[in-house]
Amino acid sequence: MAAHCSLRAKRLLLDPKFEGYKLSLEPLACYQLELDAAVAEVKLRDDQYTLDHMRAFGMYNYLHLDSWYQDNVYYVDQFGRIMNLSVTLDTALQKPREVFRLPTDLTAYDNRLCASMHFSSSTWVTLSDGTGRLYLIKSGKRGNSTSEKWEIVFNEELGSPFTIAHSVSFVKFDTHSVAALLLRVEKDELDTKGSGFHITLEWVTIAEISKEGDHRYEILKRRVLQGKSVPHYAAIEPSGDGLMIVSYKPFKFMEGEDNKSAENDDAEATKEKKVADPLYYWQQTEDDVTITVHIPEDITKDDIKVRFSPDNICVIVKDQPPLMEGKLYSSVDHESCTWIIRENKSLEISLIKKNEGPWWPELIVGDTRGEFIMDSSQCSEISESLMHLTSEVMNPNPEKENPPCNAQELEECDAFLEDSASLCRFDGDTLKVTHVINLGSNQYLFSVVVDPKEMPCFCLRHDVDALLWQPHSDQPENMWEHIATFNALGYVQASKQDKKFMACAPDYSYAALCECLRRVFIYRQPTPLATVLYNRKEGRQVGQVAKQLVTTLEANDPILGFQATSERLFVLTTKTLFLIKVNSGN
């Protein structure tokens, strides 16, 4: 049974007196590097027309931040080269250098996706060429040309094309393993009313196998989850024991060899529940209650004892423990109550209500072994009494003095495009959901890696603010910790209709978002002022100010990648990589 949880914000991290961002005109140093070859952008095909295709592949971030090393980014160019830029000094930038070349000729594939990668640890990388092939790379220490050497230790065709959503490297029982989440949008022939597609997340575990002195990596497990919307967030726990997903539509594991036995156990348990018939049936009118109990054929009236009192009933058959016993929901006229054995070997008990009229929601307080049966006339009475609350049209009488909700009066911000999102934690052994959080109106904004040894953090809108949450899979009592707040960012980002990517610094010093073309917005955390500033309206001194900065890139190409570090913003376009110096180093 999944535990229903909630996210608890830390009050000390909230600022109810936040006054807003002040536009700052301070200049930001912006450096640009022209690329030797264009980024390997893969545009959506005509058959990739759904919103899910756009979210999964059309809005893909082509710039990959290596969180294990400071200011280290990668991208794939049109020649299939993995290019790296490692920054130590802004004024002495090197050209991006090639660290690996995909063995596949990507131009030979018509239905491929964009190449994707994920940094599983400080020395391991998972890589996809977009054709359906997964590579496991041993990279050495990255960001340094002397120690970085990418070597393929595993590569295998895994079916239809996919992108890598997340991966982790871990050691369990002295065996090194790498687990990866592969995202696909697949045609669904059975879906005739929806988009005609479904989303799959394949959870692949690759482990080191030692046979007769030969060390190699092989697939240990392949498990598939299926859902109807692209997940906003999907990450495997550092231990490889579970995963967490934030999505609008729920995901569930598809039945395979691993979980057939669990499904069968559930089916057997369900059957047993269905077999157990109610112990008794009861009906009622405004005046009386009738109870029917099935009894064995050899029972006579001498074997039955029925005791009535104003508030209790007790039925004993053949000196056995009481068949029915307990406090009645309401008082009865016990002297007028009767019982009789019918020809079909059933015991029929008639109770006369002391207070006529009120309906009993239960017969014996706390007893769930009986079943209430309502006759057709009672059903129609209830239906008629509720008829005024329902209608087949949205607003049947708009001229009425107090009309019900009228959809035509709803504003754009009141409309929910989809069902509310949920955060689910899946157990890797049972393949079942262990924790669920209904996110409701807490809109998902972005994710960021604060500590590469932990799961990625996710940022949610809470009222006008944006709150950053760090999952702790090893702390059941504090599984999601509120670690930072970006004041009013939830409200601010809603006004940016052309926004494409959002990010924040791992040290929470600023948040940033970019539009599809040129413009980048930076929102700094409030900082104390060096000079005295007064709020004239309220006649008080202002202690600190949060600054908003805007920069416009000198590029006509669309923004394809966007990453933030504590000091810099990296912005990737088709042919240029921009570096914006946001904070000076310590």
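**Note on strand β29 and the cysteines**

1. In this predicted model, strand β29, which covers residues 444–448, has 4 of its 5 residues buried, and it is therefore largely enclosed by the rest of the structure.

2. Strand β29 is paired with strand β30, residues 457–462, and the two run in the antiparallel sense with 4 bridges between them. Within this pairing, Phe446 has Cys459 of β30 as its bridge partner.

3. Cys459 is itself counted as buried, because its relative accessibility is 0%. A student may then ask how far the sulfur of Cys459 lies from the closest cysteine sulfur. That closest sulfur belongs to Cys504 and is 6.6 Å away, which is too far for a bond, given that a disulfide requires the two sulfur atoms to be within 2.5 Å.

4. A search of the whole structure likewise finds 0 disulfides. Cys516, for example, takes part in no disulfide, since the nearest cysteine sulfur, in Cys514, is 7.7 Å away. With a relative accessibility of 36%, Cys516 counts as partly exposed, whereas Cys459 counts as buried.

5. Turning to the chain as a whole, the protein has 4 helices and 40 strands, and buried residues make up 45% of its 586 residues. Of the contacts between residues at least 6 apart in sequence, 56% join residues that are at least 24 apart. The chain exposes about 32100 Å², of which carbon and sulfur atoms supply 49%.

How values were computed. Residues are numbered from 1 along each chain as its sequence is written. This is a predicted model: local features need pLDDT of at least 70, side-chain atom pairs count only at pLDDT 80 or more; totals for chains, interfaces and linings use all residues. Side-chain values use heavy atoms; hydrogens and water are left out. Buried means under 20% relative accessible area, exposed over 50%, partly exposed in between (1.4 Å probe, protein chains only). Contact means heavy atoms within 4.5 Å. Accessible areas come from the Shrake-Rupley method with a 1.4 Å probe; for residues, only the protein chains shown count as cover. Two strands pair if DSSP finds at least two bridges between them.
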